[in-house]
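Here's a quick briefing to read with the structure open beside you.

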Amino acid sequence: MILREMLIEDLDQVMEIEEDLFHVPWTREGYFTFLTKENTMFLAVEEKGRILAYCGLLMVLDEGDVTNVAVRRDRQKEGIGNFLMESMIRLAEEQGVTVIHLEVRQSNDTAIRLYERLGFVRDGIRRNYYEKPVEDAILMTRRSGI
Ligand SMILES: CC(C)(COP(=O)(O)OP(=O)(O)OC[C@H]1O[C@@H](n2cnc3c(N)ncnc32)[C@H](O)[C@@H]1OP(=O)(O)O)[C@@H](O)C(=O)NCCC(=O)NCCS
């Protein structure tokens with residue numbers, strides 16, 4: 001299992017995972033746009049040519065915003081999400097990012113627990129942020145060195 005940058009060639013596999021996991025998936029064009037931006041970090045976990053997981057971060061000065069986190073359905077609950085997010089945090093810190101924000105569906109207990117283990121704390125709520133189904137977003141922030 002290796003961690004590497006997500007590449008445009010990965011998008012077939014990424015879209016398959018994305019469409020399986022999310023009711024409102026990102027589009028291929030969306031990924032393409034973000035992969036070609038300068039201030040983003042998109043990482044993938046690969047095993048024998050198969051993408052198992054990926055995540056994305058948009059960075060502005062010393063702050064980052066998590067745009068995507070996904071682990072292939074049949075490989076969840078093995079610690080891959082934790083490995084991926086831990087790696088992204090470390091690499092972002094190396095680039096001077098000290099504050100990372102994200103939002104997550106209020107009902108997504110697994111993701112919320114994962115983020116809390118990594119040091120994210122809840123610091124707000126965005127009402128009716130999500131569609132299909134409509135749901136509030138929990139806003140979470142992680143500050144380095146706290
Ligand atoms: C949320 C998500 C990214 C988590 O990824 P993951 O790889 O399953 O995360 P982890 O394996 O690190 O942790 C998940 C659980 O598995 C447990 N686990 C980890 N390794 C394990 C192992 N070897 N054996 C048994 N359990 C294990 C963890 O303790 C954790 O348990 P908890 O839910 O009781 O806290 C993944 O479930 C996912 O892609 N979900 C759909 C998309 C999504 O919701 N994305 C986030 C949007 S904000």
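**A quick tour of the model**

Let's start at serine 87, which you'll find in helix H3. Keep in mind that this is a predicted model.

**Serine 87**

- Serine 87 and leucine 43 are 44 residues apart along the chain, yet their C-alpha atoms are separated by 8.9 Å.

**Who surrounds the ligand**

- The ligand has 21 residues around it, and the closest ones are Val71, Lys77, Gly79, Gly81 and Asn108.
- Sorted by class, that shell comes out as ten nonpolar, six polar and five charged residues.
- Four elements each put at least two residues into the shell: strand S4 (63–71), helix H3 (80–94), strand S5 (99–105) and helix H4 (109–117).
- Which element gives the largest share of the shell? That's H4, with six residues.
- If you're browsing pockets, the ligand takes up the space of the largest pocket.

**Backbone contacts to the ligand**

- Valine 71 has a backbone N or O atom 2.8 Å from a ligand oxygen atom.
- For lysine 77, too, a backbone N or O atom lies 2.8 Å from an oxygen atom of the ligand.
- At asparagine 82, a polar backbone atom sits 3.1 Å from a ligand oxygen atom.
- How much of the ligand does the protein cover? On its own the ligand has 950 Å² of accessible area, and the protein covers 70% of that.

- As background, most residues other than glycine have a negative phi, and most peptide bonds are trans.
- Leucine 61 isn't a glycine, but its phi is positive, at about 55 degrees. Look for leucine 61 in the loop between strand S3 (50–60) and S4.
- With 77% relative accessibility, over the 50% cut-off, leucine 61 counts as exposed.
- Asparagine 128 isn't a glycine either, and has a positive phi of about 50 degrees. This asparagine 128 lies in strand S6.
- Asparagine 128 is exposed, because its relative accessible area is 53% and the cut-off is over 50%.
- Where is the cis peptide bond? It joins lysine 132 and proline 133, with omega at about -5 degrees.
- Proline 133 belongs to the loop between strand S6 (121–130) and strand S7 (135–143).

Technical notes:
Residues numbered from 1 in each chain as written. Predicted model: local features only at pLDDT ≥ 70, side-chain atom pairs only at ≥ 80, totals over all residues. Heavy atoms only, no water. Near = heavy atom within 4 Å. Polar contact = N/O pair within 3.5 Å; in protein donor to acceptor, adjacent residues only side chain to side chain. Areas by Shrake-Rupley, 256 points an atom, 1.4 Å probe, with all protein chains shown as cover. 1 Å grid on protein atoms, 1.4 Å probe; cavity = no way out; pocket = protein on both sides within 12 Å on 5 of 7 lines; lining within 4 Å. Sits in = over half its atoms within 2 Å of the grid points. Nonpolar A, V, L, I, M, F, W, Y, C, P; charged D, E, K, R; others polar. Buried < 20%, exposed > 50% of the residue type's maximum accessible area, 1.4 Å probe, protein only.
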